Amino acid sequence: MELGNRIKELRKAQNINQDELAEKLFVSRQTISNWENDKSYPDIQSVLLLSETFGVSVDQLLKGDVEKMERIITEQTQTDINKMNTYAIGMVISMIAILITTPVLAFFTGFWFFIPFVVLFACTMYFATRIEKYKKEYNVQTYKEIIAFTKGETLSKEDQIREEAKRPYQKVLSTILSGVIAAVVCGGIAAVLIMLFK
């Protein structure tokens with residue numbers, strides 16, 4: 001990116017060292033160093049402060065970096081969408097595997113069925129936590145928001161407001177549904193165990 005070089009040039013042109021610039025922008029000297037060496041990128045507030053400090057417009061400061069930033073953000077979002085879809089598929093496969101293999105393994109192997117059950121359950125929980133990470137990062141919670149995100153789309157402002165209003169209800173419903181699924185799975189396992197060890 002060009003912004004790092006531009007910050008360095010503008011700072012030197014005004015005869016300001018990194019410490020002085022850091023103090024004006026309310027950041028650390030290391031942060032300034034990271035920006036100048038393209039290790040990180042300033043947030044929007046810092047860009048505005050840089051523009052004000054150097055007496056240049058935001059457009060002059062960023063020049064061609066905006067297009068590069070948009071491309072990087074789009075590529076990163078698409079990567080995250082792909083990862084979230086992969087984790088969702090992995091979670092569904094793990095859950096189906098638990099439901100199918102648990103009774104069969106319990107019948108044929110007895111108490112040893114718990115070993116593959118625990119492994120599959122751990123896989124399911126891993127995939128679920130990864131999905132939650134992306135849901136929090138992109139602020140998608142309701143079904144409609146998640147579907148739009150996985151398609152790379154964004155909701156209109158009106159739809160976003162509606163979906164945010166639905167979040168508390170959907171959380172309650174998802175909790176109840178999770179409880180029902182857990183009860184069915186545990187009930188099935190208990191029934192198989194009762195039949196085996198009767």
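Predicted model: local features only at pLDDT ≥ 70, side-chain atom pairs only at ≥ 80, totals over all residues.
I number residues from 1 along each chain as its sequence is written, and side-chain values use heavy atoms, without hydrogens and water. Local features need pLDDT of at least 70, side-chain atom pairs count only at pLDDT 80 or more, and totals for chains, interfaces and linings use all residues.

**Cores.** I looked up nonpolar cores first. I take a core as buried Ala, Val, Leu, Ile, Met, Phe, Trp, Tyr and Cys residues joined through side-chain atoms within 4.5 Å. Buried means under 20% relative accessible area (1.4 Å probe, protein chains only). The largest core has 16 residues. I7, L21, L25, L50, F54 and L61 have the most contacts inside it. Helices here are DSSP runs (H or I, at least four residues), numbered from the N terminus. α1 (3-13), α2 (18-25), α3 (29-36), α4 (44-54) and α5 (58-62) each supply at least two residues of this core. α4 gives the most, with 4 residues. Another core, of 8 residues, lies apart from it and includes I81, M84, V140 and F149.

**L25.** I listed its contacts (heavy atoms within 4.5 Å). Leaving out residues up to four places away in sequence, L25 touches I32, W35, L49, L50 and T53.

**α2 and α3.** I checked the axes, which are lines fitted to C-alpha atoms over the stretch in contact, with angles from 0 to 180 degrees between N-to-C directions. They come within 8 Å and cross at roughly 105°. The pair is therefore roughly perpendicular (65 to 115 degrees). Q18, D19, L21, A22 and L25 in α2 meet R29, I32, S33, W35 and E36 in α3.

**T124.** I found T124 in helix α7 (residues 114-137). T124 counts as buried because its relative accessibility is 9%.

Terms used: Buried < 20%, exposed > 50% of the residue type's maximum accessible area, 1.4 Å probe, protein only. Parallel < 35°, antiparallel > 145°, perpendicular 65-115°, else oblique.
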